[in-house]
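This briefing goes through a single protein model, topic by topic.

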Amino acid sequence: MKAEETTTSETPKAQEEPAEIKDQRPETKDQNPESKEQVIDPAPEEFAVLSGMERFAVRVSHRMNEGRWKLFWTWCQKHIGSRWIQLATYKLLRVYGLEHVEAISHERPLLLVANHRSFFDMYTVSSVLFRRTSWPKTLYFPVRGRFFYESPLGMLVNMLMGWWSMYPPIFAENEKRLFDKYSVRRLAQLCREGRGHVIGFHPEGTRNRSDDPYSYLRAQPGVGKVIKDSAPQVIPVFIAGLGNQLPRQVVGNWTGGEQIRIRFGAPLDLTAFLEKKDHVRTYKEIAEFVMSKIAELGEEDRAQFALQGM
């Protein structure tokens, strides 16, 4: 069976040695990566704004992302989920810049910030990480709660496709804003504590439905707040070539579909932003900065593939 190609960019910039970004967090007594994470639970008043079905889904997903349950589902994600994604993409998948992911500290959480065009963006990225890197990792992908946490079908999809990693949920509804504040706290904790934590985040907040793969939606300040609160390692990711129709995407692997490109950038130095005042304006500046770095990777992709008529 032909294995998918792993390539580094041919531009001089991509061939440079990845920069080592120092720990940008202020020194605290809680930075020991060996310390056991004390999971934050939602308060009763935060749970109260959710419907009965939503409360049930959150409780189950919350439990599945703790302790031995998380270890079990991570094993499934690595040995089952990543393999079927490989089978469905191996002829089309091209990966660039994975050396940047290898170069970071694996003792600290990593936040991957990526553009969002397909339901399958982070599934495919997770498959690459599990199969191409050897260090232990646990994955978390915060999602909009309106489907995955509002019906039994959504829970089933979260289990069978995400192995419960689509967590924590953000409902983005006025009446559920109190619970969303909890989700942001929990997300910041995952980005601040835990060896091998990898968090996938889409700064745009929703899928971009434009036909132009190099267009982007405005970055939302939420990613800036999470970064400001937790100071994780941050790597931008540009993704192109994935569709939203699963059968068509799978068949395209054997019938000549569009190449799938995943391009990892160098770790971002966010020190200047972390030293600024804790304010919404700072969150927006951080969000715009990381989105600009994703767009730069998109321009590298455009330069490499535009002449090929892709």
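Val49 counts as partly exposed, because its relative accessibility is 26%, which falls between the 20% limit for buried and the 50% limit for exposed. The structure is a predicted model, and the points below describe what was computed from it.

**Val49 and its surroundings**

- Val49 sits in the loop that runs between α2 and α3.
- Although Val49 and Glu175 are 126 residues apart along the chain, their C-alpha atoms are separated by 6.8 Å.
- Leaving aside residues up to four places away in sequence, Val49 touches Glu175, Lys176, Leu178 and Phe179.

**Helix α3**

- Helix α3 covers residues 52-64, and its 13 residues should span 18 Å at 1.5 Å a residue; the end C-alpha atoms are 19 Å apart, which agrees with that expectation.
- The buried residues of α3 are Glu54, Ala57, Val58, Ser61, His62 and Met64, and because they fall within an arc of 160 degrees when seen down the helix axis, they line one face of α3.
- An α-helix has 3.6 residues a turn, so residues three or four places apart point the same way.
- The elements against which the buried residues of α3 pack are α2 (44-47), α4, α8, β6 (169-170) and α9.

**The largest pocket**

- The largest pocket has a volume of about 1,400 Å³, and its lining is made up of 43 residues, of which Pro142, Val143, Arg144, Ile170 and Gly205 lie nearest the centre.
- At least two lining residues come from each of the helices α6 (121-132), α7 (145-148), α8 (152-162), α9 (177-192) and α10 (221-230), and likewise from each of the strands β5 (143-144) and β7 (197-201).
- By residue class, the lining of the largest pocket holds 22 nonpolar, eleven polar and ten charged residues.

- α4 (67-89), α6 and α11 (246-255) are the elements that give two or more residues to the lining of the largest cavity, with α4 giving the most, namely four residues.
- The residues lining the largest cavity include Trp84, Ile85, Ala88, Thr89, Phe120 and Tyr123, and Thr124, Met161, Leu242, Leu246, Gln249 and Val250 are also among them.
- The lining of the largest cavity divides into nine nonpolar and three polar residues, with no charged residue.
- The second largest cavity has a volume of about 70 Å³ and is lined by 14 residues, of which Gln77, Ile85, Ser126, Met161 and Trp163 lie nearest its centre.
- At least two residues of the lining of the second largest cavity are supplied by each of α4, α6 and α8, and the largest share, five residues, comes from α4.
- The lining of the second largest cavity consists of seven nonpolar and seven polar residues, and no charged residue is found there.

Key: Residues are numbered from 1 along each chain as its sequence is written. This is a predicted model: local features need pLDDT of at least 70, side-chain atom pairs count only at pLDDT 80 or more; totals for chains, interfaces and linings use all residues. Side-chain values use heavy atoms; hydrogens and water are left out. On a 1 Å grid over the protein atoms alone, a cavity is a set of points where a 1.4 Å probe fits but cannot get out, and a pocket is an open set with protein on both sides within 12 Å along at least five of seven lines; lining residues have an atom within 4 Å of a point. Grid points are joined across faces, edges and corners, and a volume is the space filled by probe spheres set on the points. Ala, Val, Leu, Ile, Met, Phe, Trp, Tyr, Cys and Pro count as nonpolar, Asp, Glu, Lys and Arg as charged, and the others, Gly among them, as polar. The expected span of a helix is 1.5 Å times one less than its number of residues. Buried means under 20% relative accessible area, exposed over 50%, partly exposed in between (1.4 Å probe, protein chains only). The arc is that of the directions from the helix axis to the C-beta atoms. Contact means heavy atoms within 4.5 Å.
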